[in-house]
Each structure stands twice: as C-alpha cells, then as structure tokens.
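Please work through the exercises below with the sequence and the model open beside you. Each task is followed by a solution that goes step by step.

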Amino acid sequence: MSSSFERYQKRRLISSYFSVVISIGLVLFLLGLLGLLVLNTKKIADHFKEQIALTIYLKDTAKEVEINQLNKSLALAEYTRTTNYVSKEEAAEAHSKEIGEDFMEFLGYNPLQNSIDVYLKADYISSGEIDQIAEDLTSKSFVDEVVYDKPLISLLNENVTRISFWILVVSGIFTFIAVLLINSSIRLAVYSKRFIIKTMQMVGATKRFIRRPFIWKSVKLGMIGAVLALAGMGAVLYYMDKSFPELNLLNDVYLLAGLFAGVFLMGVIITWLSTFFATQRFLNLKTDELYY
C-alpha cells in the first residue's frame with residue numbers, strides 16, 4: 001500500500017514539474033518570438049522601403065557618355081542600393097507584353113524614354129531626403145524628369161512609425177503577462193509543498209535552508225523551459241530565413257545571441273524570484289493559515 005502511494009505521489013510530482021516546464025517554455029517561446037519581431041521590425045520595414053524605385057527619365061538628346069557618367073555616379077552615391085538602366089526599346093517590349101499587343105504598330109513610333117531606376121537605401125526613403133535627391137537629378141540638362149511614388153513613401157513611413165509604437169506597447173504587455181503566468185505556475189508548485197515547508201520550519205530549519213532546494217529546483221525547471229523555448233525559436237527563425245532569405249534574419253549574430261541569452265536569463269530570473277517570494281510567503285504564515 002505504501003509503495004503504491006509513493007508511486008502515486010511520484011507521478012503527481014512528475015506531472016506537476018512537467019506542467020511547470022511546459023508553461024514556462026510556452027510563455028518564453030511567445031516572448032522570444034515577440035523579441036524576434038521587435039528586433040526585425042526595422043529590417044522588415046527597410047526591406048519594403050528598398051523596393052520603391054526612383055525613376056529618372058532621360059531626354060532623347062542625352063548622349064551615351066552622359067548616361068554612362070550618370071549611371072556610374074549613381075552607383076557610387078551613398079544613398080544608392082542598386083541601379084537599373086532601361087532603354088526605350090526594353091521599356092516598349094515590357095509594356096507590349098503587359099498590355100498584350102504591340103502599341104508601336106498602332107502609334108507608328110516609340111513614345112517611351114530611356115530611364116534609370118534607382119533603388120535607394122532605406123535610410124534615405126523619407127520625404128525630405130528623396131525630394132533633395134530628385135531635385136539634384138532634375139537639375140541635370142539631359143534629365144527630363146524624376147518620378148517616384150511620393151504618397152506611397154509618406155504612407156509607408158507613417159505606418160512603420162505607428163506599427164513600431166504598437167509593437168513596443170504589445171511587447172511590454174506580453175512581458176508583464178509572461179511574468180504573471182510563470183509566477184503563477186511556480187506559486188502553484190510551491191503551494192503543493194506548503195506543509196513540508198512549515199514542517200521543516202517547525203523542526204528548526206532556517207528560512208534560507210528551506211528556500212534553497214525549492215529555488216534550485218525551480219531554476220532548473222526554468223532552465224529546461226527556456227531551452228525548449230529557444231529550440232522552438234531557433235526552428236521558427238530557420239524556417240523564416242529559408243522562406244524570406246532577402247531579409248537576412250541570421251546575419252545579426254550578436255543581436256540574436258543577445259535575444260537568446262535574454263530569454264534564457266529571463267527564465268532563470270523569473271523562476272528564482274517567484275520561488276523566493278512564494279516560499280517566503282508560506283514561511284511567514286501561521287500553521288492554521290496554511291489550510292486557507
């Protein structure tokens with residue numbers, strides 16, 4: 001009978017530890033994913049910004065040497081990510097494919113112009129910066145006009161600012177919720193041992209001596225939960241990098257290492273503090289108060 005009861009107690013204990021580990025792992029996993037989102041918000045925003053092209057339309061009188069010089073100077077400019085020269089013939093061919101018919105047969109000539117598509121670095125995709133660049137390019141005698149989607153740039157910058165703000169707010173809320181959930185799991189685990197805590201105290205054990213095994217056990221559970229969370233984060237990060245290689249999610253090794261270390265430390269610190277305060281509470285209770 002005693003052996004059966006011991007097995008039952010052992011199963012309950014293992015089940016309790018398993019629940020705590022899973023709770024900690026899931027909470028830290030969600031928190032880690034949010035951290036990945038926060039760290040990569042700028043990178044994702046920059047990726048979308050750098051898809052916007054500034055198109056330079058050249059006059060038909062533009063000389064080849066002038067076009068080559070402009071192309072080279074643009075390629076070397078600090079604001080340029082890439083450039084792409086599109087001749088009027090290439091533009092006409094692409095436009096014909098798009099509309100499904102040869103418009104030049106109808107018109108009798110090619111009305112399109114030679115152009116250079118300039119893809120700027122994300123830091124220069126703002127109304128003030130891009131306006132100045134367009135103004136400088138327009139001042140050249142062989143440039144007919146410079147065109148870019150100004151409303152789209154304004155909308156993109158506004159949305160990036162708004163989304164970044166709300167991501168920070170949500171991150172703060174989730175961090176608070178994570179602390180509460182982990183704390184609740186640890187408190188429930190300690191609550192089930194409240195009579196053992198009080199018994200040890202009654203036979204003369206010091207508070208520090210009583211707390212130590214509980215804290216060490218919880219910290220180990222927190223470490224296991226954190227490792228599970230980090231494994232999940234690593235899998236998600238690997239999948240995202242394979243799905244969106246242009247974002248280069250794995251390039252910032254130090255930032256990722258800092259995030260992973262932060263999640264691991266959070267698992268350790270939260271479980272340590274939660275266990276400390278939970279055991280302290282039961283140590284300060286009177287024996288008859290343990291039943292309520």
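Predicted model: local features only at pLDDT ≥ 70, side-chain atom pairs only at ≥ 80, totals over all residues.

**Exercise 1. The nonpolar patch**

*Solution.* Step one is to list the residues: Phe18, Ile22, Leu26, Ile224 and Leu228 make a nonpolar surface patch of about 480 Å². Step two is to assign them to elements, and here α1 (2-49) and α8 (207-243) each supply at least two residues of the patch.

**Exercise 2. The chain as a whole**

Describe the order of the elements, the share of buried residues and the confidence of the model.

*Solution.* Begin with the secondary structure, which comes to nine helices and four strands, and then follow the chain from the N terminus, where the elements run α-β-α-β-α-α-β-α-β-α-α-α-α. Next, turn to burial: of the 292 residues in the chain, 36% are buried, while the accessible surface comes to about 18,100 Å², with 63% of this surface belonging to carbon and sulfur atoms. For the contacts, consider those between residues at least 6 apart in sequence, among which 82% join residues at least 24 apart. Finally, the pLDDT of the chain averages 79, and 87% of the residues score at least 70. Confidence is lowest in helix α4 (residues 103-107), with a mean of 64, and highest in strand β3 (residues 115-120), at 88.

**Exercise 3. Two salt bridges**

*Solution.* The structure holds two salt bridges, which can be taken in turn. In one of them, the side chains of Arg81 and Glu50 meet at 3.5 Å, N to O. Arg81 belongs to strand β2 (residues 80-86) and Glu50 to the loop between α1 and β1 (53-58), so this pair ties together parts that are 31 residues apart in sequence. Arg81 counts as partly exposed, at 37% relative accessibility.

In the other, the side chains of Asp131 and Lys150 meet, also with an N to O distance of 3.5 Å. This pair links distant parts of the chain, since Asp131 is in helix α5 (residues 127-138) and Lys150 in helix α6 (residues 150-191), 19 residues apart. Asp131 counts as partly exposed at 26% relative accessibility, and Lys150 counts as partly exposed at 40%.

**Exercise 4. The surroundings of Thr279**

Is Thr279 buried or exposed, and which residues does Thr279 touch?

*Solution.* First locate the residue, which is placed in helix α9 (residues 253-284). Next consider its accessibility: Thr279 has a relative accessible area of 0%, and therefore it is buried, as the cut-off is under 20%. Then look at the polar atoms of the Thr279 side chain, where the backbone oxygen of Thr275 lies 2.7 Å from one such atom and the backbone oxygen of Phe276 lies 3.0 Å from a polar atom of that side chain. Last, leaving aside residues up to four places away in sequence, Thr279 touches Val190, Ile197, Arg211 and Phe214.

Technical notes: Residues numbered from 1 in each chain as written. Heavy atoms only, no water. Patch = residues over 30% accessible without salt bridge, like charges linked within 9 Å, V, L, I, M, F, W, Y side chains within 5 Å. Areas by Shrake-Rupley, 256 points an atom, 1.4 Å probe, with all protein chains shown as cover. Salt bridge = Lys/Arg side-chain N within 4 Å of Asp/Glu carboxyl O. Buried < 20%, exposed > 50% of the residue type's maximum accessible area, 1.4 Å probe, protein only. Contact = heavy atoms within 4.5 Å. pLDDT = per-residue confidence, 0-100. Polar contact = N/O pair within 3.5 Å; in protein donor to acceptor, adjacent residues only side chain to side chain.
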